[in-house]
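Subject: Handing over a structure, with notes

Dear colleague,

Please look at it first and then read on.

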Amino acid sequence: MPIWKIYAATAIVSALMVGAPNAHAQGAQPDDIVGTWQGETVKLEFFKAGPEYNARILWGSRIVESDGTTFKQDTLNPDPALRARSLKGITNVTGLTYQNGEWTGGTLYDGSSGRTVSGKAEIVDGKLHLRGYMGISLMGQTMILQRVAAVPAPQPAKQTTSKK
């Protein structure tokens with residue numbers, strides 16, 4: 001198949017995807033992304049920073065040593081000044097803004113490769129779809145994450161008074 005036909009088909013599919021409403025994501029509210037989300041290989045904590053949403057990495061199978069708990073250093077970071085830092089807790093999703101049921105315009109940093117890509121997210125059927133891509137969203141990869149239930153804070157022990 002000639003390359004121009006592939007590009008034409010890709011453009012048509014992209015236009016249809018952009019123009020089609022996503023009924024699953026339309027019900028999302030801006031702060032629905034806030035909280036802890038976990039997938040097979042990563043655990044992220046999303047938080048609001050002004051008008052934007054960011055996430056810090058709590059755990060990732062590719063950024064911990066073979067013991068599964070010790071975090072690697074950011075040795076592949078393009079900024080030499082950051083290469084000695086631990087990957088534990090770094091903010092690796094930045095600049096997402098909410099619009100029309102999805103969070104767009106952000107960047108995702110992959111500490112295991114040192115690359116930063118464009119990113120967007122949406123919640124579909126209660127799951128967070130976090131997509132990283134270079135150029136157009138169609139050419140990327142999506143991670144599907146489940147919300148981690150919040151652990152209730154421990155309640156202080158009730159004081160009992162004993163009568164003598």
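In which sense do E3 and E4 pair, and over how many bridges? They pair in the antiparallel sense, over three bridges, where two strands count as paired if DSSP finds at least two bridges between them.

Before going further, please note that this is a predicted model, in which local features need pLDDT of at least 70 and side-chain atom pairs count only at pLDDT 80 or more, while totals for chains, interfaces and linings use all residues. Residues are numbered from 1 along each chain as its sequence is written, and side-chain values use heavy atoms, with hydrogens and water left out.

The chain contains two helices and eight strands, which follow one another from the N terminus as α-α-β-β-β-β-β-β-β-β; helices (H or I, at least four residues) and strands (E, at least two) are DSSP runs, numbered from the N terminus. The eight strands close into a barrel in the order E1-E2-E3-E4-E5-E6-E7-E8, with antiparallel pairing. From one strand to the next the twist averages 30 degrees, the axes being lines fitted to C-alpha atoms, for helices over the stretch in contact, and the angles running from 0 to 180 degrees between N-to-C directions.

Lys-48 stands opposite Tyr-53 in E3, and Phe-47 stands opposite Asn-54 in E3.

Asn-92 belongs to strand E4 (residues 91–99) and counts as buried because its relative accessibility is 11% (buried means under 20% relative accessible area, exposed over 50%, partly exposed in between, with a 1.4 Å probe and protein chains only). Leaving aside neighbours within four places in sequence, the residues in contact with Asn-92 (heavy atoms within 4.5 Å) include Leu-44, Ala-55, Ile-57 and Tyr-109.

Over the chain as a whole, buried residues make up 27% of the 164 residues. Of the contacts with a separation of 6 or more, 41% are accounted for by residues 24 or more positions apart.

Finally, Leu-138 lies in the loop between strand E7 (127–133) and strand E8 (140–147), and at 31% relative accessibility Leu-138 counts as partly exposed.
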